[in-house]
Amino acid sequence: MTDLTELGIKAIREGVANGDFTAREVAEGFNAAVAAASELNAFIVATPDHALAAADAVDTKRAKGDDLGTMGGVPIGMKDLFATKGVQTTAASHILEGFEPQYESTVSQNLWDAGAGMLGKLNLDQFAMGSSNETSYFGNVVSPWRKSNGANTDMSPGGSSGGSAASVAARIVPAATGTDTGGSIRQPAAFAGITGIKPTYGRCSRWGVVAFASSLDQAGPMARSVEDCAIMLEAMAGFDPKDATSLKMEVPNWEAGLNADLKGKKIGIPKEYRMDGTDAEILESWEQGKEWLRDAGAEIVDISLPHTKYALPAYYIIAPAEASSNLARYDGVRYGLRDLPEGSGLQDMYAATRAAGFGDEVKRRVLIGTYVLSAGFYDAYYTQAQKIRTLVAQDFEKAWSQCDAILAPTTPTASFPLGSLSDDPLTMYLNDVFAVPASLAGLPAISVPAMLNSDGLPLGLQIIGKPFDEQGVLNAGLAMQQRANFDAQPEKWW
Amino acid sequence: MVSTYRIQGATGEWEVVIGLEVHAQVTSNAKLFSGASTEFGAEPNTQVSLVDAAMPGMLPVPNRECIRQAVRTGMAIEAQINKYSRFDRKNYFYADLPQGYQISQLYHPIVGEGQLLIDADEKAGIPEDKVIGIERIHIEQDAGKLMHDQHPTMSYVDLNRCGVALMEIVSRPDMTSPAEAGAYVRKLRSILRYVGSCDGNMEEGSMRADVNVSVRKVGDSELGTRTETKNVNSVRFVMQVIEHEANRQVDLIEDGGKVVQETRLFDVASGTTRSMRSKEDAHDYRYFPDPDLLPLELEDDFLADCRSSLPELPDAKRRRYETELGLTPYNARELTAEVETFARFETLLSAAALRIGKPEAEVATQVANWALSVAPGVLKSLGAEADPAHASAGAQAAILAMQDKGEISGGQAKEIYEIVLKTGRDPEEIADTEGLKQVSDTGAIETAIDDILANNQDKVEQYKGGKDKLFGFFVGQTMKAMQGKANPAVVNQILKDKLG
C-alpha cells in the first residue's frame, strides 16, 4: 500500500470511498506524521482524537452506504485563527492562551459537515499579523524547505498561514485552512511550493474567525493541487446569515467546472508589477508562466494597473486601523489573559493585560492603527487610504475590459532565513506587495508553485481573477500546474 | 414667539439656549446586532449572546425591525430619511463595552433634518406653538451596566442591556426655557409612543436625555459655551438641570469666571450638576466605518411599507378633533397627548355614537367631557373601591345614551357609573332598579306644579308683576317635590306654559 500521507484530498476521498483504505487508517497515518514533525513547530495543539472520531464517522457511513461528503475521510489542519468548539483557539497570541470557544466557526463547521476531520490547530503569525511566522507567541514555524547549498539554515515558511503551508509541504497534512488579509494564504503557499487560493471577499464566512482586518480577511484552502483547492473551497464557502458581509450567492461546483483549456481567454500582464528589487528568478518564472498560459490557448495582453505602487502603503493604514479596533475586545475582562496587579484599577488592568498579552508586531500595528484613526490624522491617513483602495479597485475594473484574469508573481523573493528580516519591518511588509492589491479589491487570487530557484527554494505564480470568478482563477491555475509539473518536495530533515 | 424666560443677573438679564440629545430605546424583541432578548429586569447576564460578549470572531448582523422603527420615527417627525446610511465604530475602553467600541452612526445617520411642534401653554410661559428643529436621528448600541455595590474591591458587570438598540434624537439648540424643553421631551415621547418605536418609559431608562445648556446676555447673537449634562431620566429632572445650569453659568460668568465646555452629571438628591470630565480629557473616539457591516441601503418598498404603517400622529389627530369633531382646543390637546387617552376616547366615541344613533361629531363634545372630567372624577373619588376592569366602553356608552335621551340626569349618570365601577352591573338595570331615572312624564310633573302654584299664589302674582327671578324658585320647588328626578327640561317647559 502507498504511504497514505503522500495523498491529497481527492485521492484520499476516492480511496476511502472505494474501500482501498479506511478513513481511520488515513487519520492514523497523518496523526503519526504530525506527532513526528514537532521540529517544524507547525501545530499549536494536535487533535488526533478529533481526526479519529471524524474518520470513524465516515467509515461507519460507508458501511451503511451513506453519502460520505465532498471531504469524506480527509483529515486537515486548521489554522488557529478559526474558533473550534472545545479546542483551544489562540490566534497564536498569549492573550488568548487557554481560550476554548463554546462555538465552532462557520468555515470549520462546513468542513466537518463535508466529512473532514481535524488533525490540530496550526501555528501562525500572531493575530495573522506577519509574513514570516515569527510573530507567534508559540514560537516560529520552520519551513520544511532548506536551501540546496547544504547549509542547514532554518527558512521562513512565510506568513501568516505559515503552519498551514509548512504542514502541507511537509506532507503531515493533506490540506489546511488558511486566511488571507494581505497575502497570508498566497505568500506562504508560494514559499512552501504548494497551492492556495483566496476567494472573492465574502465567499467564506468570517463568523468565528478571529478578526484581524474585517474588510480584508478571507478564508481559503491550502493544498497540494488546484483540484484539491477547488474541492476544499467548495466545502468551506457559502452564504452565512451570521456574517453581514457574506456573499448571498450559490457556491458553484468548482471541482466539476475545472478546465485547463484557456482558448479564447485573455490573460493580462500588469506592467506595474515589474518593480525594482524584484528577484531576477521571479521575473524569469513570470515569463515562464506566460508561456504556459499561451500554450494552454490563452492570449497574453499587456495591461496597466496604475495605482499599484500605492496599494501597499494604503494597506498598512487600513489593516492596522481595523485591527486596532478589532483587538480592543482583548481587555482581560471576559476571557483570555487577565493581568490584574494587586490594588490596581480598570485602566491598569487593561494596560498590564495588553502589554503582557500582545506581541511586538501586534502592538506595532495597534499603535499604527490608533494613530491613523486619531483626531487630526484621520483625513490625512485613513480617508486617503480609502481613496486609494477605491482607485486600486477601479484599476482592476478597467483591466477586466481587456482581459479575463491577471498573471503576476506571488512574491518579490523566495523564502528567506528566519530572523533575517525581523529587525526590518518595512522590508518584511514588502513581501506582500504583489498580493495586497487583490486583497484591497476583494478579488479571488491563487498561488500555484512554478519552479525551484537556484537555491532550491520554491517560487509561486499568482492568478488574480474577476469578482466571483474563482472558476477562471482555478482553471488558469490548473493550466499552469499541468505545465509546471512541479513535483519537488522538501527533503525530510525533521 | 420669543420665550419670556430670563435669568435675572447682577449685570442684567440673561437668556438660556438649550439643545437636547434624547436616547430612546427602540421597541424590539431582539438587540440591534444580535438575537439576544431585550426584556427589562432579567437576572444579570442572562440576555447576552456571544456577539454581545464580544467573543473572538463574533460578528454583528443588523436587526431589520430596529432599522424599520428608526425610519418610522424619522417619518413621524417629518424628517429626511437617508436611503444610504452607514454604521461607524466609536472606540473607547470601558468594562461595560465588551467590543471596545460602540457601533453608532456618526458620518451618515439614517435620519436627517426634521422637526417637532411644541404646543402653546400660556401658564408654562409658552405663548404660542413653537417648532423645534431636529438635526438628526441615528441608531446605536447601548452599553452594559457596572455594579459597584456587590463586592468590597471589585465592580461587577451586567451585559443584559449591552447591544440594545437606541435611537439618538438630536435637537437643534432651539429651546429657550425649561418649560420648552419639558414640552419638547413630552411631545417627543408622545410621538414615539404613537409610532410604537419606543415605550417612553423613563424610569426603566428607555428614554433619557443629554441636556446641552448655555447662557448669553439678552440681545447677544453669539452662543455661549455650553455644558452637557448626561443621562437625565425624567422631564422634571431635565427642567431642573436647565434651571440649575443656567443659574450656575450666570453666577460663574458674573463672578468673572468662564464656563468650560464639559460633561456634567445630575445629582438627583441635591438637584445640582457636577463636573464629570472637561473637553481636555475628552476621549478621542477614533470613529471609522464599521468594516463588519455593509452600508444600509433602504429600498423604496421598505420605505413605502414604513410610511403606510404609520398611525395618525398627535398634531394631525388634534387638528381633526377640533375641525371634524368640534372639540375645544383644550379638549383636543388633552385627548391626543397620550396613546392610552385617545385610544380610550375613540373606542368610547364610536360605541356611544352607535348606541345613541347619531354621528360621532354630534356626540363628541359630550363624550369628551365625560372622558376628560366626569369619568376620571368618579374613578378618583372611589379610589380602591373601583375596579377599573368594569370601566368598559359599552357600559359608559350606555350611560351616555340614557343621558342623551334625557332618561337620566348628569348626577344620575355619575351615580350609575359609581355602581358600575364597584360592581360591574349593567347601567340600564341599575337605572331601573335603583330608581335612578328622571321623570319626564308630563302628567306627574303637571300635578306637582299645579300644587305648588296653588300654594304660592302670592309669588305667582309677584312673578307676573315682573319679578322674573322667581322662576328659579318654582323650578326648585318642583324638583324638590319630584325628589330631584324630574327632567329639568320638561319642568321648565311646563312652568313656562303655566306662568304664561
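Trainee: What makes β4 and β15 of chain B a pair of strands?

Mentor: Two bridges join β4(B) (residues 88-91) to β15(B), and the two run antiparallel. Strands pair if DSSP finds at least two bridges between them, so these two qualify. Strands here are DSSP runs of E, at least two residues long, numbered from the N terminus. One of the bridge partners is P289 in β15(B), facing D88(B). The model is predicted: local features need pLDDT of at least 70, side-chain atom pairs need 80 or more, and totals for chains, interfaces and linings use all residues. Residues count from 1 along each chain, chains are lettered from A in written order, and side-chain values use heavy atoms without hydrogens or water.

Trainee: Why are β5 and β15 of chain B called edge strands?

Mentor: The open sheet has the order β5-β4-β15 in chain B. β5 (101-104) and β15 (288-289) each pair on one side only, so they are the edges.

Trainee: What packs on this sheet?

Mentor: Helix α9 (residues 308-326) of chain A does, touching β4, β5 and β15 of chain B. Touching means heavy atoms within 4.5 Å.

Trainee: Why is the meeting of D292(B) and R206(A) called a salt bridge?

Mentor: The rule asks for a side-chain nitrogen of Lys or Arg within 4 Å of a carboxyl oxygen of Asp or Glu. Here N to O is 3.0 Å, so the pair passes. The rule finds one salt bridge across the interface of chain B and chain A.

Trainee: How many residues does each chain bring to the contact?

Mentor: Chain B gives 31 residues and chain A gives 37.

Notes:
Helices (H or I, at least four residues) and strands (E, at least two) are DSSP runs, numbered from the N terminus. Axes are lines fitted to C-alpha atoms, for helices over the stretch in contact, and angles run from 0 to 180 degrees between N-to-C directions.
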